[in-house]
Amino acid sequence: MTGESDIISANIRALGEALGRVMSDQSGASAFALEERVRLMARELRSSGDPQHAEALQALIASLKVKELHNLTKAFTLYFGLVNLAEAVERLRVLRERDLRAAPAPRAESIAAALAELRAAQVPAEVLQRWLDGALIMPVFTAHPTESRRRTTLLKLRRIFDDLLVLNLGERLLLPEDRGAALTRIEREIVGLWQTDDVRLHKPSVVDEVENGLFYFQTTLYELIPQIHRAMGQALQTYYPEHPWALPPLLRFGSWMAGDRDGNPYVTAEVTVDAARRMRASMLRHLIGEMDRLFSDLSQSRYQVSIAPAVYERIAYYQTLFPDAVAEISPHHAREPYRQLLQLMQARLKASLAYTLTLVPRWGVDPPPTPPSTVYFRSAELLADLRLIYTSLWAHGGHLVADGILRDVMAAVGIFRLHTATLDIRQHSNRHMAALDEIFRMAGIEQAYADLPEAAKRQLLTAEITSPRPLTPARLAAYSSETAEVLQTLRMIAALLEQLDPEMIDTYVISATAQVSDILALLLLCREVGLYQPGEFSRLNVVPLFETGADLANAPQLFAALLELPVYQEHLRLRGHNQEIMLGYSDSNKEGGFVAANWALYRAQFELTNIADRHGVRLRLFHGRGGAVGRGGGPAGQAILAQPPGTLRGQIKMTDQGEMISDRYLEPRTAARHLEQVINAVLRAGFNELLHSPEPAWLAAMESMAQIGWEAYRGLIYDAPSFLAYFRAATPVAEFGRLRIGSRPAARRQSDRIEDLRAIPWVFSWMQSRHTLPGWYGLGTALERFAAADPQHMALLQAMYQGWPFFTTLLDNAQLIIAKADLVIARRYADLVPDQALAERIFATIRAEYERTVHMILQVAQINEILDPQPALQRAIKWRNPYVDPLSYIQIEALQRLRAALPEADQEELETAVLMSVNGIAVGLKNTG
Ligand code: PGA
């Protein structure tokens, strides 16, 4: 039998050779020779570590024309893209082999494995059913600007992936000609990639971002998710066969694309409506196609079986609504009522699509326009029709058929409803405050709302929320454009829920929530536009987002105070006593460093859950995590299990952003594995039977290390003189804004302060320049000082690493990102700092902390080398590093030339070179930032 590493090496070799052929064919032998020369030099450099080799490589790159830099970058990037595919295929192959060996035992970290554990722990079926009834797992796709690759490129890579799967998984039955055809197709795609621009010509618009998000649903998720739902149903049946399971949707998707307007002026009310239409139209088109599939499946004849009368009644009803569709029913199907009904349902879906595409929601129209009965307005209406067929099939012995395609379509409607994903809205608390400041002033109620002390703000807001008097006129022309936009957005939501889709939007997130008044402010604005009517309804979850250290520390107290207010209790009552709270991983990290932020987040979760429990409120935590470790990234399943025990009650939301979306969802099998790991973790974290509480001494240790970590981190980032100068020069932060990756601006406001910079450019800059410090800085000092304080402490830390998932994850994630750091390359970036004495000083501090961190992790985790616990990953990263080097040198060179103010035309070319290298490094390191 061929060993694992043999297969992957053979694949990588074959792909590399194909790329080499394409390159010399397309760009000539000399371009290929240059690439080979650089590749060998980079390999030499790594194996010898000789600085002379580094200088030679740097000199060679400095001598190249921009076009040559582009070509080289393209070659290495493409190579990494192909290697990533080979690795992903290998992971699936190994998984499949393990499954075969382990069968019939369930695959590790699968849904079935979690259920097997629950059964073994004697969790009763009724308890599990109750849990399921309230469960919700919701990945939320955001448009955070960290996906540097074009959709065109991703699609081509996906096709290569499919062929690699054919070659690797279907091997035994593969004919030589099939093999040859697959190889040709792969090479064809590589030619296509070579001949295509790697980077976008323009920044994506918000609508482009929406379409990018929809792409994953259309290519993967619409099909895949019902299968996962089915797997869940089967696993329940296997491990609890005695229980009659009713499986709710469980999974739902959310989207921030065109909903998140915090710091993005291009996300307007109008754009949000456009997105809503597109998301709904996408799902309706999918369903129209599904009706065709069902049509060919459900040919049952009334001559053969007895079909439920309700089906005939429904057909009769639709015949009056869709006379044209009736005319289209073929005489061949005269005895096939399901087909007739499906054809009519399809007509209703088509009418819904036409309605969706043309509707302009209008606020404040009297009486409110209601959607015609020819369209499906709520998903329940479509589900009811499908259920008629389902029940009828069961009644005449067709349950196997009912549980085939029909069941999948019903699951899809339960999960995606009629709009693909729930569109969340986010805005910054300051924008609401400024809007209210103006509204109160214009209404003659309060001249300086923004300056009022918190208590007075609360009082005023409470009075106004309960007062029936409107504050704003129908026309908004008198307000500033910012205030008008805040109100327009809320009016648009109200109209959209009333006229287009009542389920499409249910959450409004308030960034930088610091006070109770930030929450009441939104509630008042909701009341103002008819989204909240005390005593009657409240249409939105009002969700605070806590992200800075101070806000996280204050969050429990704020939450408790909020829950005491009758005016908020009324809103919660109308929302079924459900409260969602969002936690921001990136900004807390940027502010206080890796250790302090992770601890602040852990504590906040724990305390917020306790408060919710005391008030009889069901809390759903929404985790705002990025892909890189410095933004809360890391393996998703592990992150879930690392949460404080007892805080996850089956409901969880988490962001999926940028390159993580393509990484996880581009290809169905990879997506299936990711999602089953998430569900496994949520199930296991949901039952106390499987959890162990951390020891009090561990909590105390973290408390003290968080403080030390905070001081160490702040000491460098915010207190070290001239650190800012180092950051600005030794990383590509200044260039980030010009990178054409996302629609939103890089900073909320123009300023030089790190506080004002968004977390993405911050982490991105350190990632690209290979310092990667947001993912580890301060950890070494925290561990070292804590260990030195008492001779028992090292053993304590080791026990924490062995026994506490939070701490294990903390150190494992740090290992992940440390393995991607490279201080030799980072030093080259430091060369870009004009003041070299300063550069050396700062760099020496960083290097010392890096070495300390590595040293301490090795001791605490009791390993010899970083990433020892994950040998495959360790190998992959080590093996990649030499080939990332040329990309780093190219980036440094391009930055240098770009900063040396050249004529406009060259600037553009160089910007492309920087963007291409960003792309390449991101693909090589599998993290953008
Ligand atoms: P934000 O996100 O700046 O949109 O809050 C930060 C991040 O995801 O890193």
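**Stop 1: two cis prolines**

Begin by selecting Pro 104, which lies in the loop between H4 and helix H5 (111–120); helices here (H or I, at least four residues) and strands (E, at least two) are DSSP runs, numbered from the N terminus. Show the backbone on both sides of the bond to Ala 103: the peptide bond that joins Ala 103 and Pro 104 is cis, with omega about 5 degrees.

Before you go on, a word on what you are looking at: this is a predicted model, in which local features need pLDDT of at least 70 and side-chain atom pairs count only at pLDDT 80 or more, while totals for chains, interfaces and linings use all residues. Residues are numbered from 1 along each chain as its sequence is written, and side-chain values use heavy atoms, with hydrogens and water left out.

Now select Pro 367, in the loop between H13 and helix H14 (379–395). A cis peptide bond joins Asp 366 to Pro 367, and omega is about -10 degrees there.

**Stop 2**

Is Leu 72 buried or exposed? Leu 72 counts as buried, at 2% relative accessibility; buried means under 20% relative accessible area, exposed over 50%, and partly exposed in between (1.4 Å probe, protein chains only).

Next, select Arg 339 in helix H13, residues 337–358. Arg 339 also counts as buried, at 13% relative accessibility. Which side chain does the side chain of Arg 339 make a polar contact with? Show Glu 336: the two side chains make a polar contact of 2.9 Å. A polar contact is a pair of N or O atoms within 3.5 Å; within protein, one must be able to donate a hydrogen and the other to accept it, and residues adjacent in sequence count only if both atoms are side-chain atoms.

**Stop 3: the ligand**

Select the ligand and show the residues around it: His 144, Arg 426, Glu 547, Ser 586, Asp 587, Arg 631, Gln 657, Arg 744, Arg 758, Ala 759 and Ile 760. A residue is near a molecule if one of its heavy atoms lies within 4 Å of it. Color this shell by residue class and you get two nonpolar, three polar and six charged residues. For these classes, Ala, Val, Leu, Ile, Met, Phe, Trp, Tyr, Cys and Pro count as nonpolar, Asp, Glu, Lys and Arg as charged, and the others, Gly among them, as polar.

Now draw some distances:

- His 144: an N or O atom in the side chain is 2.7 Å from an oxygen atom of the ligand.
- Arg 744: an N or O atom in the side chain is 2.9 Å from an oxygen atom of the ligand.
- Arg 758: a polar side-chain atom lies 3.1 Å from an oxygen atom of the ligand.

How much of the ligand's accessible area does the protein cover? The protein covers 95% of the 280 Å² that the ligand has on its own, with areas from the Shrake-Rupley method and a 1.4 Å probe; for residues, only the protein chains shown count as cover.

**Stop 4: the largest nonpolar core**

Select Leu 128 and Leu 683, the residues with the most contacts inside the largest nonpolar core, which has 164 residues. Such a core is a set of buried Ala, Val, Leu, Ile, Met, Phe, Trp, Tyr and Cys residues joined through side-chain atoms within 4.5 Å. Then highlight helix H9 (residues 206–239), which gives the most to this core, with 15 residues. Color domain 2 (280–416) and domain 3 (422–687) separately: both give residues to the core, so it lies between them. The domain bounds come from an automatic or database domain assignment.

**Stop 5: two positive phi values**

Select Ala 258, in the loop between strand S2 (254–255) and helix H10 (269–297). Its phi is near 75 degrees, a positive value in a residue other than glycine, and Ala 258 counts as buried at 2% relative accessibility.

Finish with Thr 772, in the loop between H29 and helix H30 (779–788). Thr 772 has a positive phi of about 50 degrees although it is not a glycine, and it is buried, with a relative accessible area of 2%.
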